[in-house]
Amino acid sequence: MKKFFAAIVIGTIAFTATAAEPLLTAHRPEGAREGTFVVVLANPGNRELRNVKVSLDGVNVYKLLNDSCGELAPGALLPVYGRYNTPGKLEVTLIADGVREHYTVKLPEHAVNRQVERQWVAGMKQLYAELARNGLLTAEENLLLARNLNKEN
């Protein structure tokens, strides 16, 4: 029996799927060189899952956010955001408590969902700010990276 199910979230509306048919949502306007995607994973069980990791293979994905977490509480969601430049099949492997589950989703050639893009940008800015707070980026580097994100999107 699978431990996870996948869901997509658009605004405040969540669409769920069975574990055998995970869904994702993406933003890649026509003619764009790259797109942004989110796969939202959930723990539908009644116990905490530990050492949660997500592995993404198949097409080239990069600039990932939230591809691992220490624990995933019952009912909690783990949105995994990323960028891609080539549409196609994406193999998603979920690992928790030493158990692996595999899913296949398709990153689209064209898709319009600006909310996915905005959430990814906000997450990247938060990551840069955290790195700056921990002394791993200077304030100037943080500002420059945040500005570049705004120019890209």
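How many of the residues of strand S4 (residues 35-42) are buried? I took this question to the model, which is a predicted one.

**Entry 1: the chain as a whole.** I first listed the elements and found 2 helices and 10 strands in the chain. Read from the N terminus, their order is β-β-β-β-β-β-β-β-β-β-α-α. I then looked up burial and noted that 39% of the 153 residues count as buried. For the accessible surface I recorded about 8,600 Å², with 53% of that area belonging to carbon and sulfur atoms. I also checked the contacts between residues at least 6 apart in sequence: 63% of these join residues at least 24 apart.

**Entry 2: cover of S4.** I returned to the opening question and counted 8 buried residues among the 8 of S4, so the strand is mostly covered by the criterion of under 20% relative accessible area. I next asked which residues lie on each side of S4. One side holds Gly-35, Phe-37, Val-39 and Leu-41, and the other holds Thr-36, Val-38, Val-40 and Ala-42.

**Entry 3: partners of S4.** I looked up the strands that pair with S4. Strand S3 (residues 25-27) pairs with S4 in the antiparallel sense over 3 bridges. Within that pairing, I noted Thr-36 in S4 as the bridge partner of His-27. Strand S8 (residues 77-84) also runs antiparallel to S4, and 8 bridges join the two.

Technical notes:
Residues are numbered from 1 along each chain as its sequence is written. This is a predicted model: local features need pLDDT of at least 70, side-chain atom pairs count only at pLDDT 80 or more; totals for chains, interfaces and linings use all residues. Side-chain values use heavy atoms; hydrogens and water are left out. Helices (H or I, at least four residues) and strands (E, at least two) are DSSP runs, numbered from the N terminus. Buried means under 20% relative accessible area, exposed over 50%, partly exposed in between (1.4 Å probe, protein chains only). Contact means heavy atoms within 4.5 Å. Accessible areas come from the Shrake-Rupley method with a 1.4 Å probe; for residues, only the protein chains shown count as cover. Two strands pair if DSSP finds at least two bridges between them.
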